[in-house]
Amino acid sequence: MLYGRTSERAEIDQLLRRAHRGRSGVLIVRGDAGIGKTSLLEYAARSATGMRVLRGTGIESEAELPFAYLHLVLHRDLDRLDSVPLVQAEALRAALGQRSAPTDDRFLVGQAVLSLLAELADDVPVLCLVDDAHWVDRASIEALLFAARRVEAEGIAILLAGRDDLADDIAADLPEVRLAGLDREESLALVSDTAADLAPRAKEWVVDEAAGHPLALIELPQLLSPDQRAGELPAHGLPVGAGTSISRVQQSFADRFSALPAKTQYFVLVAAAEDTGELAVVLAAAEGFGATLQDIEPAEQAGLLSIQGQAVRFRHPLCRAAVYRSATTARRVAVHRSLALALAGPEAADRRAWHLAAAATEPDECVAQELEEAAKRAAQRGGRIAVAAAYERAAQLSPERSARGRRLTAAATAAADGGLADRATLLADRAAALVSDPVQLAKLAHVQASLAQMRGRHRLACDLLLAAAQDVGADAPDAAARLLFSAMSAAWLACDLSAMEAATRLIESMNLTERAKVLPVAKALRGVADIAEGRPESGVPLLHDLLAMVHEQPQGLGLRERARVGLYLLTGDIETGHQVALALEHDCRTRGAIGVLPDALLFLAKSQLLTGHHRDAVANATEGLRIARDTGQRHSIGPLTAILAYVAAVEGQAHPCNEYVETIKRESPDPVDLWSPSLLGLLELGLGRYESAYGRLEGQIQSSNLMTLPNLPILVEVAVALGERGCAQIACDEFAAWAVATGEPWPLAVMMRCRALVGSDHEVERSFSEAVALHQGGAHPFEHARTRLLFGEWLRRQRRRSDARGHLRAALELFDLLDARPWAGRARTELRAAGEAESVPAPRIDPLRRLTPQELQVARLAAQGLSNPAIGARLFLSPRTVAYHLYKAYPKLGVANRAQLTLLLAQNP
């Protein structure tokens, strides 16, 4: 019987009811050891009528074995993987050791888990129970929680139970309950049920001592003598030693263990050290100490463990811990050696290596080599956290300095890839004192730089990479070139001119052109420095060359290198940049590269802003933000949020825009000074607050802030309106130098608009007319609309109202398409002033605005003819969730089927 826990049971009941209705959910139960987490999971299992129950318990000794838990829970259902998207199925098969090819993205396994659970839920609702989640291997818990954040309409309930230290970094923001002790009435009821023969006074003492802790309420009566059970307790309480009730319970387990016969002690200690509970392995190892199956009987009688089928099960995890910790070091070493001998065969190689490591008392290259091989096998399965642990322990056991440094570097790399920044930093610092080999120095520099960038310290990352490139250049030219590529990218992200200059000088001085494969990319990135130094005429062509190379030969670069967002947009070539972004996003989705996808979606969203597809930009930025948060990629949160802030500014939504800017400050503080002036300046200009806009934007003149270079025309308009013509002229000239270097129509059009604003009276009409003609290519419709609006306003002031109305109508139509309400309002006001009061068109109502970002993504793919499973594979959703989003989207759009949806979207591109 489960005592108390009324509210917790209600939450579980609601979770199960939702699953039966086809909805999904997740709940984490946290609490101290013995507080009743397992009992709640038992309650859920008993209540899961008509559900498929998948259940497993984390095992401490397998915490370093990648995907051990997933294998335990899913191995019986792997035949259903044939119904899962191929790239996901292959990733999960690799993770579970069924194929050798590793996955490039650890998060893809989580999507595969979701797809497999959704496939199982097609039959009956699924309940997934995870006990002792704090001991589940990191790779498995990451995959489960990744899936948990995406369950929506599949009929899947996920219930995890763990202690308070359960992976806070990856379990944040999921629903949870924290278990406290039972109240006095519930405690008395539990004691009366489990120790009915206790006298009332003894029961009261147990309740007082246990303080509501269920395990203590059950175990403390076992400490009482017959007289004490009868109520003969000393006035000051029971003299069982100091400490809390739980420490007393643990000591009780240890005392029972120490009272066992010698052979039984060895049998129990082997079982505690082996930890998986495999009876055959425990027996084989125990035989080395003369123990047999018959020797387990005293331990069973003492209530420490039992045999259940082919498994040894301890009464409670605290019992296992008490047994292991109370044994001497010599005994533990002997037991681990015996277990290593018992674990024969290639399938047990990883467990054998860890037992050998536990038995090692001094450096041992043979054991270190076995652990390194275990790390390589873990890498093939995608378990980066397990890779880091195995390499770190191998380094500790390495007699040679160089081997220690190499293994620590590998451990740091794996920890960084696995998202453990603090651990990776410590490992990298330890490796730095040991590494001298050029290749290892390059690897270590990449790790240290990536860790710096995770924290927003892009200049530090650049300095680390440049120093490493200089150190390894002569001996490893290709490694040096890759370091330079990364250094220039870090300098660009920092918008740090001096760092760009340093990188440029080093690229030129090292003269690696004929010796390094990727140096052309690094040299092309010099263009960023040239633009920042006021030489766009030399810098932009270099970036054009880079863009052309990525467009024509994308396979020449890795996905992460292709995702260096923003650089291509400095060419002004929106069309080619958009095609590169689309190809990158497609490749990330096809390969399941979820870890790179946020940056790819950022690049795509930026290009969609420039092509006027603001709704799609918001949808992609929203998806990118969700993935970035789920996968711990904080460096992507600021740029993706800036996309949402830009659209909010265009639409005049002051409160959301300001909230997005605050998010940038809070979650990604390093770039806030780069983005917030432009975002808030645009908002203020749209709302007609010129003074405020000028205050935001004035500091951008000659700031070498490449990220905001395309926003200088905002400053030109504001400065002219306030009579600050000197400031306007400087901003115009700075923008014009870049625009001329691009040779692209839309920057040239905006340049001519700026010249119309700052030029002499006789130049205004000619400049505006040239700007309008250049805009006809269709790129950047928001800038086109602003040009038409300003031209129309000027013509009206010249009393040429008939000429003005044509430009104002064109501006209004574009602003309405973009939902740029304050700008559209300004155009309507001008049209009325130009004499078109009665026929000013009403705002166009776009039905797609009614959709959420995810509904829009699903609807667009459905209109392209993709099936629900295919859409799910693209968006990393289950087919049922796709169907759910379509079910919600159809009535919002006023359509009943895909044919009508396709027609509607064709009319509203």
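Predicted model: local features only at pLDDT ≥ 70, side-chain atom pairs only at ≥ 80, totals over all residues.
Residues are numbered from 1 along each chain as its sequence is written, and side-chain values use heavy atoms, with hydrogens and water left out.

**Stop 1: helix α8**

Select residues 184–194, which make up helix α8. Helices here are DSSP runs (H or I, at least four residues), numbered from the N terminus. Now colour S187, L190 and V191: these are the buried residues of α8, where buried means under 20% relative accessible area, exposed over 50% and partly exposed in between (1.4 Å probe, protein chains only). They cover an arc of only 95° around the axis, which puts them on the same side of α8; the arc is that of the directions from the helix axis to the C-beta atoms. As a reminder, an α-helix has 3.6 residues a turn, so residues three or four places apart point the same way.

Next, show α9 (200–210) and α10 (214–219), which are among the things covering those buried residues. Then go to the start of α8, where a side-chain oxygen of D183 comes to within 3.2 Å of the backbone nitrogen of E185.

**Stop 2: D197 and R229**

Pick D197 and R229, whose side chains meet in a salt bridge at 2.8 Å, N to O. The rule is a side-chain nitrogen of Lys or Arg within 4 Å of a carboxyl oxygen of Asp or Glu, and by it the count comes to 49. D197 sits in the loop between α8 and α9 and R229 in helix α11 (residues 226–229), so the pair ties together parts 32 residues apart in sequence. D197 is exposed, with a relative accessible area of 52%, whereas R229 is buried at 17%.

**Stop 3: E717 and R826**

Jump to E717 and R826, a salt bridge with its closest N and O atoms 3.2 Å apart. E717 belongs to helix α38 (residues 712–721) and R826 to helix α44 (residues 821–833), so this pair ties together parts 109 residues apart in sequence. Buried or exposed, these two? Both E717 and R826 are buried.

**Stop 4: R805 and E836**

Finally, select R805 and E836, salt-bridged with the closest N and O atoms 3.8 Å apart. R805 is in helix α43 (residues 801–817) and E836 in the loop between α44 and α45 (853–863), 31 residues apart. E836 counts as buried, at 7% relative accessibility.

To finish, select E717, R753, E783, R786, E793 and R826 together: salt bridges that share partners join them into one network.

Terms used
Helix = DSSP H or I, 4+ residues; strand = E, 2+ residues; numbered from the N terminus. Contact = heavy atoms within 4.5 Å. Polar contact = N/O pair within 3.5 Å; in protein donor to acceptor, adjacent residues only side chain to side chain.
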